[in-house]
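Student: I am new to this structure. Please show me how to read its features.

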Amino acid sequence: METEEGLHGVEGATEMEVGFLGPLVVTMHGRSLVPSAAKPRQVLALLAVNLGRHVSLDAIVRELWDGTPPGQPTGVVQTYVKQLRRALAAVLDPADGPGPKELLSRTHTGYVLNLPGAETDARAFERLTVDGQRALARQEAAEAAALLDRAVDVWRGPALADVRTGPVLRTEVRRLDEVRRAALEHRISAYLLLGRQAELLGELSAMTSRHPLQESLHALLIVSLHRCGRSDEALEAFRRLRAALVSELGIEPSHRLQRLHHAILRDDPALDSPAAGLAVF
């Protein structure tokens, strides 16, 4: 796949793709560099996530063995790096451009994967997300919705879906999942500003089921249901959220959610105005 938003090729003869918002993708000249063996694949994933940035040997060891490394972890890591370099060498033209040791270089304390001109799908996603959030802050809802649609579409599945993750990669996967959830929430807000709430109900129902304690998602669902003439279901969604919060955390919904609840009970006309409705909560 090669799109403006997703996996990018490098200018010139060498075409590269680097992606991890889904199964791991690292290709050159259309040939995959992803190893079939679990631990070399894990090393490549960690280097790809940090494309162009130094990854310390300590981080690699922690990722691979999570506190219980073998007797000579440095040598084992070096073996995995050699395997990755062999894969690079197999697709490189030795007379044209950098070699495998330049593309996967060693530093005093670790390694760097350098693929000049390549951009990961995650960086494209985060750039589009930031641009969409800025457009939403300017109340440019149509532009925000378009940018955030493109951002969400970059994802091909769960991050690093086919990689066994250790503590370092798990932290990055959690971070990416949070950024994705925020992008989805802002995209939904943009749709609400455009009066497109009916398109959101299925997505919001699924998201609130996956995140039963996430107040902001429930607020978006409640507003969407109310605007679709389903106020009884909106009130039931609030009751489910309150029950979950009390049962799991021993707390009541926030004042913002309670204000939204009261606004629906009194059928506040502000809820039907796209911009004003969002301001209620």
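**Reading a helix residue and some rings**

Tutor: Start with Glu185, which is found in helix α7 (residues 167-193). Helices are DSSP runs of H or I with at least four residues, numbered from the N terminus. This is a predicted model: local features need pLDDT of at least 70, side-chain atom pairs count only at pLDDT 80 or more, and totals for chains, interfaces and linings use all residues. Residues are numbered from 1 along each chain as its sequence is written, and side-chain values use heavy atoms, leaving out hydrogens and water.

Student: Is Glu185 buried or exposed?

Tutor: Buried means under 20% relative accessible area, exposed over 50%, partly exposed in between (1.4 Å probe, protein chains only). Glu185 has 14%, so Glu185 is buried.

Student: Which residues is Glu185 in contact with, leaving aside neighbours within four places in sequence?

Tutor: Contact means heavy atoms within 4.5 Å. Glu185 touches Gln214, Ser216, Leu217 and Leu220 in this sense.

Student: How do I read an aromatic pair?

Tutor: Use the distance of the centres and the angle of the planes. Rings of Phe, Tyr and Trp (its six-membered ring) pair if their centres lie within 6.5 Å; planes under 30 degrees apart count as stacked, over 60 as edge-to-face and the rest as tilted. The structure holds one such pair. The ring centres of Phe125 and Trp155 are 5.6 Å apart and the planes are at 90°, so the pair is edge-to-face.

Student: Where do the two residues lie?

Tutor: Phe125 is in helix α5 (residues 121-137) and Trp155 in the loop between α6 (141-153) and α7, so the pair ties together parts 30 residues apart in sequence. Both Phe125 and Trp155 are buried.
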